[in-house]
Amino acid sequence: MTGPRLHLGVFYTGVGQQYAWSDPGNADHTSIDTVVQIARTLERGLFDAFFLGEGLRVRENRGRVLATDVAGRPDAITQLAALAGATTHIGLVATQNATYNFPADLARRLATLDLLSDGRAGWNVVTTDNAWTGENFRRGGWLAHDRRYDRAAQFVEAAKAIWSSWADDAIDGTDSWARPGSIRAVERHTDLVELAVVPTLPRSRQGRPVLFQSGDSPGGRDLAAQHADVVFSANTEYDKAVAYAEDLRRRLASYGRSPDSLRILPGAGVVLGATDAEATERAEWLRREQLNPQRAIGFLEQYWGKDLSAYDPDGPLPDIDPEEGELDPSRGTISIANRTGKLDRIREWRQLAEDKNLSIRELVLAIHPRERVFVGTPTRVADEWAHYVRTRAVDGFNLTPHRLPGTIDDVVTHLVPELQERGIYRTHYEGTTLREHLDLPPVA
C-alpha cells in the first residue's frame, strides 16, 4: 500500500460513561468469552491493536464510590495473556500505571506478555495524582500532579534499559545456556526510581513492547515525544488534531526523533447508520443514556460539594449554595482545567437554566463536554477519516465503543470495506508484530 495508512485500535471499555452498559444488547464485558469474541472480530477487521484500560480503584465522587460508573476492570495483563493464545495477529496493549507500579516488576510482566504473544504486546503508560487511588497503596496522593511525569519518564527509561539488557545472541546453548557477559545488570538510583536487577527475559521478535502514552499536558506531551511509539490523545476535532500533531512533531525533533517514529491515534467514538438521520438519532439516544439521571446528579455534586440525591433530575437546579472552596484536585473525575472558578460557573449555569427553563438533567446535557463521536453513514465517516489521515492530522483512531459487540460488528462489517475502497486501510496483515502493524521503525 502506498500513501498514508489509517491505523485502528479499540479501547475495550471498562469503567467510563461512554459505555452504555444499561443497553440490553451489551454482552457481559468481563466475560472471557466476550473478550475473545471481540478480539477475533477485530482481527477479522485487520485492526492494529486491542487496547485495555486499567483501574487500580473504582471511580469516586466526593469520596464515595460512583455507583453508576462501576462496570468492572479485570487486570489488563492477565486478560491479554489469555488473548495471546486465542488470537494470531492483533496487538495486545495493557494500560499500566507508572505512579504505583515498580519498574523491574512491571517491565518483567510486560516482557512476558510480549514473549507469549510473539511480539504483539504494548504498554499504555499512565500516571495518577488522585488520593483515592493512592490509598490502595498506603500512600495517599504520594506525588504532586506536576511530578507524575518526572517519575513516569524515569520509570520508562528504566524499563527500556531492562528490555534492552539482553544481547540479540545471548542464548548460546553450548557451554552455558546464555553467553557470559551477554546480559547486563540494570541499576537506577534517581530521586523517584531505585532498582538493581539482572533481567530474566530475552527480547521478543519486535524488540520490546510498543509504548503508548496518554496525556495532553505539557509534561505528557514531552513524555510522549521522548519515549512513546504511539500517542492516545484526546484531540479528535480536526483543527485541534492538526495543532496537536504539529506541536508533538516539533517536540519529537527536540529529542532527535523523526516524525514517522510516532503514531498519533486519538480516542474517538463512532455511530453508524443506514442514513445520516438514523445515525444522528442513535447518537442522541446514546448521549442521553450516557448522561442518565443518576450521572446528571453526580456531575452537579462534584461542583456543589454536597449530597444532591434528594433532588429530582427532571426538576429545577438545587436551591442551596455550593460549598465554599475550589474543587479538591485529588478526588473525583473533573478535568484539571475545570477545577477552579466553580462559583462563577455555577452562576452561569443558574442563569442558563432560568433563561431556557432547563431541568437538572437538561442543563447537564447542555453543558457537559461532548465526546467526539463520528456520526453518519459508513460512506460519510470513511470520507472524513480519509481526510484526517491524508492531511496527517492523525495516523488513525483508537475507538471507544459504546456497545459491545454491536459497535465493533458495525465498524468491521460496514466501515472497514469503505476504508479499503479509499486505499487508506490494509486488506491483509503484512506482518505479525504490533510494531510491524503500526509501520514503526525497528527498535535500536
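Guide: Helices are DSSP runs of H or I with at least four residues, strands are runs of E with at least two, and both are numbered from the N terminus. This is a predicted model, in which local features need pLDDT of at least 70 and side-chain atom pairs count only at pLDDT 80 or more, while totals for chains, interfaces and linings use all residues. Residues are numbered from 1 along each chain as its sequence is written, and side-chain values use heavy atoms, with hydrogens and water left out.

Visitor: How many cavities of 30 Å³ or more are there?

Guide: The count is 2. A cavity is a set of points on a 1 Å grid over the protein atoms alone where a 1.4 Å probe fits but cannot get out; a pocket is an open set with protein on both sides within 12 Å along at least five of seven lines, and lining residues have an atom within 4 Å of a point.

Visitor: What lines the second largest cavity?

Guide: Val125, Val156, Leu211, Phe212, Gln213, Leu223, His227 and Ala228. The space in this cavity is about 40 Å³, a volume being the space filled by probe spheres set on grid points joined across faces, edges and corners.

Visitor: Which element gives the most to that lining?

Guide: Strand E9, with 3 residues. E9 covers 210–213, and both E9 and H6 supply at least two residues of the lining.

Visitor: New topic. At what angle do the axes of H1 and H13 cross?

Guide: At roughly 15°, and the axes of H1 (residues 32–44) and H13 (residues 406–421) come within 9 Å. Axes are lines fitted to C-alpha atoms, for helices over the stretch in contact, with angles from 0 to 180 degrees between N-to-C directions. H1 and H13 are therefore roughly parallel; that word is for angles under 35 degrees, with over 145 roughly antiparallel, 65 to 115 roughly perpendicular and the rest oblique.

Visitor: Which residues make the contact of H1 and H13?

Guide: Ile38, Thr41, Leu42 and Arg44 of H1, with Ile408, Asp409, Val412 and Thr413 of H13. Contact means heavy atoms within 4.5 Å. The residues of this contact are 4 nonpolar, 2 polar and 2 charged.

Visitor: What about H12 and H13?

Guide: The axes of H12 (residues 378–390) and H13 come within 9 Å and cross at roughly 45°, which makes H12 oblique to H13. Pro378, Thr379, Val381, Ala382 and Trp385 in H12 meet His414, Leu415, Glu418 and Leu419 in H13. That contact has 6 nonpolar, 2 polar and 1 charged residues.

Visitor: Last pair: how do H8 and H11 pack?

Guide: At an angle of about 120°, with the axes of H8 (residues 276–290) and H11 (residues 360–367) 10 Å apart. That makes H8 oblique to H11. Arg287, Arg288 and Glu289 of H8 touch Arg361, Val364 and Leu365 of H11. By class, the contact of H8 with H11 has 2 nonpolar, no polar and 4 charged residues.

Notes: Nonpolar A, V, L, I, M, F, W, Y, C, P; charged D, E, K, R; others polar.
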